[in-house]
Amino acid sequence: MEGVDILLHERSKTQFDVDAMKIVWAGSRHAFEVSDRMARLVASDPAFQKDNRTRQGRKELFKNTLRKATYAWKRIVELRLTEEEAGRLRFFVDEPAFTDLHWGMFIPAIKGQGTEEQQQKWLPLAYKMQIIGCYAQTELGHGSNVQGLETTATFDPDKDEFIIHSPTLTSSKWWPGGLGKVATHAIVYARLITNGEEHGVHGFIVQLRSLDDHMPLPGITIGDIGMKFGNGAYNTMDNGVLTFDHFRIPRNQMLMRVLQVTREGKCVQSSVPRQLIYGTMVFVRQTIVADASSALSRAVCIATRYSAVRRQFGSQDGVETQVIDYKTQQNRLFPLLASAYAFRFVGEWLKWLYTDVTQRLQANDFSTLPEAHACTAGLKSVTTTATADAIEECRKLCGGHGYLCASGLPELFAVYVPACTYEGDNVVLLLQVARFLVKTASQLGSGKKPTGTTAYLGRVQDLMQCRCEVQTAEDWLKPSVMLEAFEARSARMCVDRAQNLNKFANPEDGFAELSADLVEVAVAHCQLIVVSKFIEKLQQDIPGNGVKQQLQSLCYIYALNLLHKHLGDFLSTGCITPKQASLANDQLRSLYSQIRPNAIALVDAFNYTDHYLGSVLGRYDGNVYPKLYEEAWKDPLNDSVVPDGYNEYIRPMLKQQLRNARL
């Protein structure tokens with residue numbers, strides 16, 4: 001069976017230009033070429049092999065991650081890779097490591113919050129990996145509530161130093177990746193205290209370990225917080241615990257781009273607006289949305305290929321039916337495929353939004369900031385929740401074999417699911433979005449026009465009265481009809497929640513009481529954003545034979561599946577009728593039939609190597625069963641035919657000699 005492409009027949013059915021779709025997925029030809037080159041570089045290097053990761057103990061696993069991260073850095077230096085190339089290489093190495101936090105959080109924090117002098121001092125060291133940084137914000141007692149952090153930074157004017165201190169057990173820094181065993185430095189967030197007064201939470205550059213022997217500096221207690229969910233997965237990362245005992249740092253190690261502390265201990269606002277820091281938050285959340293599309297597409301690629309390989313029931317002339325041909329499988333799988341593309345395109349738009357927000361902030365234009373903050377918070381929540389659920393659904397779509405570590409799906413789920421809580425708990429973020437939406441709705445009467453993704457609320461009177469014009473199933477393929485249905489749903493839910501809040505004498509009491517309802521309107525708003533950005537993507541010039549047609553089908557599958565899942569919203573707000581809902585389902589089934597012959601090609605367009613997928617079930621050639629059999633024999637339990645423990649436990653039981661068992 002070696003070398004046989006089981007999926008060749010599937011690929012022969014393709015009705016579009018797969019190479020052109022690969023460019024669309026990557027975002028540009030340049031991005032595709034960089035990704036393709038780095039993926040192949042990693043896949044062809046035995047040093048990056050990872051197929052035994054789930055069988056390793058924690059110490060062995062972690063040491064192997066250190067080796068890979070260091071080897072990756074060696075290759076980056078040797079090949080003189082650009083920052084973009086280096087980022088893609090680390091992505092395809094596909095192993096959570098301390099370098100993720102160094103490049104993804106430590107360096108951006110210094111660039112975003114440090115003065116020119118601080119950047120000149122610290123960034124060259126960080127760029128050369130002469131220091132290794134992490135991001136120490138979350139504490140044992142506080143995560144989402146940053147203002148509740150307990151670590152203190154008290155200025156001592158006599159010594160011109162800050163005293164960093166952990167006054168309580170719950171003030172221990174807890175969770176920062178790279179902190180436990182590797183980081184030499186951290187951006188530590190603490191309550192700033194000068195002359196007995198508190199000035200909120202600020203960031204400080206703190207050296208944690210000696211650059212000579214890597215021992216923690218006096219006054220610092222540091223370690224790893226222990227094993228996490230799953231085999232392999234995030235256990236390659238040294239998430240850490242950190243406490244300070246009156247640890248001193250120079251005054252110039254407070255990040256002072258926005259607020260400065262003078263030699264005398266006075267706090268002085270700089271000319272740089274505080275809002276500029278929010279640009280970093282937009283950047284981080286945009287990255288998380290992009291990561292969601294990557295993780296989801298990976299799971300969907302595995303499930304789609306295996307669904308085409310697997311055959312069960314329906315035997316005619318000895319040939320059973322491919323699982324992918326069952327409508328129940330399509331109904332579960334194809335919306336996830338559509339979601340991967342939808343999240344990809346909304347992620348692209350967020351990159352543009354980040355650039356736009358940054359340029360506006362630099363020009364002291366803060367007008368779009370509240371909307372951008374709400375938008376990125378909501379999309380982070382909606383995409384990560386959907387992706388975590390979808391990876392688990394893909395595991396189920398692969399039947400029993402999906403439960404094997406060899407499928408790649410258990411580890412993918414375990415490594416991805418923390419995205420639902422890091423960088424903002426998903427429910428807390430949705431409540432922030434809801435607060436913004438209700439505020440926007442309450443200001444409509446004042447003449448203040450909503451902007452950006454909330455612009456539709458400016459037409460709230462029309463949306464409250466409009467009636468869906470769908471009369472046939474094909475009417476659901478009109479972009480304007482689809483968009484109006486989602487806008488009307490969100491607008492009507494928003495108005496309804498705002499009216500319910502007005503019934504409370506104290507708005508905060510109302511917000512707390514109605515919080516579950518408010519989360520629903522935030523979800524509706526965010527789903528509207530994803531649908532609208534997919535539709536906007538289709539209005540662009542998209543080259544490649546049949547490419548746009550496939551994307552149109554995926555767009556409508558994504559939207560109509562959401563409509564079906566949240567039918568209660570659409571019906572209860574009067575956006576559509578039960579008959580129109582039935583027509584939507586008819587159209588959805590028709591779209592599944594259109595996607596079916598192209599399903600394998602649509603996941604091939606992700607251009608993932610077998611190394612990156614890390615799945616026997618998702619192999620490009622579909623040669624699943626021989627490889628699954630081969631993989632089973634690699635398990636350490638199969639090192640011996642008779643298991644360790646036979647003489648101590650099994651034999652005494654079989655021979656009715658339990659008194660001889662070593663219990």
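**Helix packing and strand pairing**

H9 and H10 are roughly antiparallel to each other; angles over 145 degrees are classed this way, those under 35 as roughly parallel, 65 to 115 as roughly perpendicular and the rest as oblique. The model is predicted, with pLDDT of at least 70 required for local features and 80 or more for side-chain atom pairs, while totals for chains, interfaces and linings use all residues. Residues are numbered from 1 along each chain as its sequence is written, and side-chain values use heavy atoms, without hydrogens or water.

Helix H9 spans residues 327-362 and helix H10 residues 369-397; their axes come within 10 Å and cross at roughly 155°. Axes are lines fitted to C-alpha atoms, for helices over the stretch in contact, and angles run from 0 to 180 degrees between N-to-C directions. Helices (H or I, at least four residues) and strands (E, at least two) are DSSP runs numbered from the N terminus. H9 passes H10 in a left-handed crossing, the near helix being turned anticlockwise from the far one by less than a right angle. Their contact has 17 nonpolar, four polar and three charged residues.

Turning to the strands, an open antiparallel sheet has the order S4-S8-S7. Its edge strands are S4 (173-174) and S7 (220-224). S4 pairs with S8 (residues 240-244) over two bridges, and pairing requires at least two by DSSP. Lys173 has Leu242 in S8 as its bridge partner.

An unreviewed UniProt entry lists residues 134-236 as "domain: Acyl-CoA oxidase/dehydrogenase middle". This span is 0% helix and 40% strand, its end C-alpha atoms lying 15 Å apart.

Notes:
Nonpolar A, V, L, I, M, F, W, Y, C, P; charged D, E, K, R; others polar. UniProt positions renumbered as here; feature names shortened; annotations may be inferred.
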